[in-house]
Amino acid sequence: MQHNVLRRKVFHAWKRPHRTWIKWVGLLVVWYLFQGSFMGAGEPQRKDEAVELPVGPSGLVNTKLVVQIMTHKRPEQLRESVAKMSLIEEIAYIVVIWNDVEVLPEAYGLPEFFKELTKPVKLVRSTSNLVTNRWIYHGQGQAVVLNLDDDVYIDAKSLKLGLEMWRLFPNHVVGFARRMIYWDQDIGHWQYDRGGSHPLPEAADYYTMFIGKAWMAGSHLLLPSHQDDPMFQSFVDFLHNPVKDRKGCDDIAFNMFIHSKINTSVVLFRGLTLHGTHAYAGKSTSYAVSSDSSRTEWRFYRDSCIEELLDLLKTDRPLLPASGVLQLNLAPIVQLLENGQLDDNKMALTSMDPFLSNIVT
């Protein structure tokens, strides 16, 4: 069922005569789907079939691009990230979600700084430091929304490529970095894996998710406000429990929340260039533990996130796509762009050989 939906999307994109290179990429995706697999190389197959995808608003593929950056007590990282993103032509404007309720952005001179940039910046001051504030669309009108952490930015060529590729999948959330959740039979509980950091157990029951560092979605897939949604409120209460810190579980929770609402699988774009800001080292965090301080402690923390979310949702397995996800390795195309073999203005390939066999992983 999902294969048929994605085929229709690709064939629709094929009809656009001004995107020659997209046609070739679409053909590769169609060829891959006819092989009967959505999975990356070497990963175990799943037999579950996904639910029919929702139909998004007409004309969504031609809409504006809005960047949302949620920040908390990292003004220097934010300053650099916003400045870098403001230079990219495809971006209509940037939304900064200010989660620091103790210090105003004026204390760092940010409103004045934002006015000097080439792109408009909308400053949204949160009334509380909720990690779920990034689940909400804070812009105006229909848009493609790129959510970024406040300590990263994406270069112009990678973003333009990611945007063009997203147009094939406008009713999906597109992640730029994958992670795995799998059942470890030896220890009898769910494990969090950084997405290939070590081989999964043979025939493991597993799910794929994206992390909050960078992801893209149509505004119609995000919440318009803090609605009186019982499930959303249960996640807010869970993530901000004053007794036990769980804010670092936010992207796992968001993956489960968005899938339960729209019941569609994520698409993963791999190989796009994300940069850490110069102030990345020694950055502060409001989490009890972070991946930068201790990888081992972070993994244990994330393992507990999974188990506690399953308890919250009263289920024995993650609320994530039961079938595999489509993963596109865009690194070969990025290399073509950087080498000048691909015209990033006309988006017409002058050489196909370097990535024909590598784009679908």
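Helix α8 is followed by K314, whose phi is positive, near 55°. The model described here is predicted. In this model, the 19 residues of α8 should span 27 Å at 1.5 Å a residue, and the end C-alpha atoms of the helix are 27 Å apart, so expectation and model agree. The protein has 361 residues, of which 56% count as buried, and its secondary structure comes to nine helices and 15 strands.

- The buried residues of α8 are W298, Y301, R302, D303, C305, I306, E308, L309 and L310.
- Cover for these buried residues comes from elements including the strands β7, β8 and β9 and the helices α6 and α7.

**Helix α7**
- α7 is mostly covered, with eleven of its 13 residues buried.
- The buried set consists of D250, D251, I252, A253, F254, N255, M256, F257, I258, H259 and I262.
- The elements covering these residues include β7 (178-184), β8 (189-193), β9 (206-210), β10 (214-218), α6 (230-239) and α8 (295-313).
- At 1.5 Å a residue, the 13 residues of α7 should span 18 Å; the end C-alpha atoms of α7 are 18 Å apart, which agrees.
- Just after α7, N263 takes a positive phi of about 50°.

**Nonpolar cores**
- The largest nonpolar core holds 51 residues, and W135, F235 and I252 touch the most other members.
- Helix α7 (residues 250-262) provides the largest share of this core, seven residues.
- A second, separate core has 43 residues, including F113, L117, L148 and L163.

- Strands β7 and β8 pair in the antiparallel sense over five bridges.
- β8 is mostly covered: four of its five residues are buried.

**The eight-stranded sheet**
- An open sheet of mixed pairing is formed by eight strands in the order β3-β2-β1-β4-β10-β6-β11-β13.
- Its edge strands, β3 (121-125) and β13 (326-329), each pair on one side only.
- β1 (residues 64-71) and β4 (residues 143-148) run parallel and are joined by six bridges.
- Within that pairing, L146 in β4 is the bridge partner of V67.
- Helix α3 (residues 75-85) packs on the sheet and touches β1, β2 (91-98), β3 and β4.
- The direction of α3 makes about 165° with that of β2.

- Among contacts in the protein with a separation of 6 or more, 81% are between residues 24 or more positions apart.
- The protein exposes about 15,700 Å², and carbon and sulfur atoms supply 52% of this area.

Terms used. Residues are numbered from 1 along each chain as its sequence is written. This is a predicted model: local features need pLDDT of at least 70, side-chain atom pairs count only at pLDDT 80 or more; totals for chains, interfaces and linings use all residues. Side-chain values use heavy atoms; hydrogens and water are left out. A nonpolar core is a set of buried Ala, Val, Leu, Ile, Met, Phe, Trp, Tyr and Cys residues joined through side-chain atoms within 4.5 Å. Buried means under 20% relative accessible area, exposed over 50%, partly exposed in between (1.4 Å probe, protein chains only). Helices (H or I, at least four residues) and strands (E, at least two) are DSSP runs, numbered from the N terminus. Contact means heavy atoms within 4.5 Å. Accessible areas come from the Shrake-Rupley method with a 1.4 Å probe; for residues, only the protein chains shown count as cover. The expected span of a helix is 1.5 Å times one less than its number of residues. Two strands pair if DSSP finds at least two bridges between them. Axes are lines fitted to C-alpha atoms, for helices over the stretch in contact, and angles run from 0 to 180 degrees between N-to-C directions.
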